[in-house]
Amino acid sequence: MEEVAFLLRPREGWVIDGTVGMGGHAEAILERSGDDVRLLGLDVDPAALAQAGERLGRFGDRARLVRASFRDVAPTARAASVDRAHAILLDLGISSYQLEESRRGFSFQGDEPLDMRLDPDGPTTAADLLNGLAEAELADLLHEYGDEPHARRIARAIVRRRPLRTTADLVAAVRGAVPRHAWPRRIHVATRTFQAIRMAVNDEPAALHQALRDAPGLLAEGGRLGVISFHSGEDRIVKRTFRALVPAGFAEVEPSPLSPGDDEVRANPRARSAKLRVVERLR
Ligand SMILES: C[S@@+](CC[C@H](N)C(=O)[O-])C[C@H]1O[C@@H](n2cnc3c(N)ncnc32)[C@H](O)[C@@H]1O
C-alpha cells in the first residue's frame, strides 16, 4: 500500500484505479495528495463499488466510480472526459471481501455455489466450465492459468465427478486426484485449480492484455502505470509488456518487481506472492 502510494505519487490531474475494489489503494493515494488530484475508480463488481463508494465518500467529487472493466480503460476514461492520467493502477485478482464474504465460490473453504464471476452479470460461471468443457480443455486451462503440475489427473477427476455443484465438490475432486505425498506444503491442494478456473471464468488474461495495450497511451508525460500481480503468468505478461515499452519512451521504475516486506506479509499473508511493477512515460 505504502509503496504503491509512494511510487505512483501523482502531483496533479487524474489517477485511474482500474481495480478500485474496497477502495484501499484509492484512499491511500487520495489521502497523500492535494485537491488537484482526482481519481477515477473502475470495478466490474457492483458490491465492490458500493464499498469503495462508502470509503471514498469523504473525498467528494475527487473520487468518481464507474462500473466498467479495465479492459475498457480507454473508452471509460474518454466517457469520463479524462484525456490523460498521471497514474494508473491495476491491482489484479480478487479482494478479501470477494474471497471471504461474497459467497460466489472463490474460496476452497466452505461450501458455496460454483459461480466465481467477479461481474455478477458475466456470461460464464465456474459450473459452466467445470461441467461443460472437454477433459483436455480443462487440463490445458489448469496447466496454463494455474501452473498446476497435476492438471491432467485433476481434469479427469472433475469429469468423473460431474455434475459438480458446489466448491466442496471441486475440492473433493482435486483432493482425490492428487496423491497425498504430492500435495503442496505451503498452499492448499486446490489453490491452483481455484485460481485457474476463476481466471478463465473472468477472461482475466485477455482483459489484462487489452488494458496493458491501452493504458500506456493514456499516461501524461511523467505519468506512471503500476500493476500488482499475484501469479507468475500474469507477472510475465506485465514484465514483457513493460520491457517492450522502453523503446517507445517509457522507463521501468526500479526496484522492479517489488515484493512486500516481512511486516506486510505478517499483517496480510495473502500479499506474500504479490509483485509490483511500475513503468513511467518519459516523453
Ligand atoms: C485485489 S482487488 C483490489 C483491491 C483494491 N486495490 C483495494 O485496495 O481495495 C481486485 C479488484 O479488481 C476487480 N476486478 C477484477 N477484474 C477486473 C476487471 N477486468 N475490470 C475491473 N475490475 C476488475 C475485482 O472485482 C476486485 O474488486
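**Helix packing and buried spots in a predicted model**

Me: Happy to start with V227: is V227 buried or exposed?
Reply: This is a predicted model, and in it V227 has a relative accessibility of 1%. The cut-off for buried is under 20% relative accessible area. V227 therefore counts as buried.

Me: Where does V227 lie, and which residues is V227 in contact with, leaving aside its neighbours within four places in sequence?
Reply: V227 is part of strand β5, residues 219–229. With its neighbours within four places in sequence left aside, the contacts of V227 are L90, L92, L212, V238, F242, K275, L276 and R277.

Me: How far apart in space are V227 and P269, C-alpha to C-alpha?
Reply: In sequence, 42 residues separate V227 and P269. In space, their C-alpha to C-alpha distance is 19 Å.

Me: What is the orientation of α7 to α10?
Reply: α7 packs with α10 (residues 191–201) at an angle of about 100°, and their axes are 8 Å apart. Angles from 65 to 115 degrees count as roughly perpendicular. That makes α7, relative to α10, roughly perpendicular.

Me: Which residues make the contact between α7 and α10, and how do they divide by class?
Reply: α7 brings L138, L141, L142, Y145 and G146. They meet R192, T193, Q195, A196, I197, M199 and A200 in α10. By class, the residues of this contact are eight nonpolar, three polar and one charged.

Me: Why do the buried residues of α3 line one face of the helix, and what is their arc?
Reply: In α3, residues 46–56, the buried residues are A48, L49, A52 and L56. An α-helix has 3.6 residues a turn, so residues three or four places apart point the same way. The buried residues of α3 pack against α2 (24–31), β2 (37–43) and β3 (63–67). They line one face because, seen down the axis of α3, they fall within an arc of 95°.

Me: Now for some loop residues. Is M116 buried or exposed?
Reply: M116 is in the loop between α5 and α6. Although M116 is not a glycine, its phi is positive, at about 65°. Its relative accessibility is 0%, so M116 is buried.

Me: What is the relative accessible area of T125?
Reply: T125 is also a loop residue, between α5 (96–100) and α6 (126–132). Leaving aside neighbours within four places in sequence, T125 is in contact with L114, D115, R117 and V201. T125 is buried, with a relative accessible area of 16%.

Me: What is the relative accessible area of D147?
Reply: D147 sits in the loop between α7 and α8. D147 has a positive phi of about 50° although it is not a glycine. D147 is partly exposed, with a relative accessible area of 34%.

Note on methods:
Residues numbered from 1 in each chain as written. Predicted model: local features only at pLDDT ≥ 70, side-chain atom pairs only at ≥ 80, totals over all residues. Heavy atoms only, no water. Buried < 20%, exposed > 50% of the residue type's maximum accessible area, 1.4 Å probe, protein only. Helix = DSSP H or I, 4+ residues; strand = E, 2+ residues; numbered from the N terminus. Arc of directions from axis to C-beta. Contact = heavy atoms within 4.5 Å. Axes fitted to C-alpha atoms, helices over the stretch in contact; angles between N-to-C directions. Parallel < 35°, antiparallel > 145°, perpendicular 65-115°, else oblique. Nonpolar A, V, L, I, M, F, W, Y, C, P; charged D, E, K, R; others polar.
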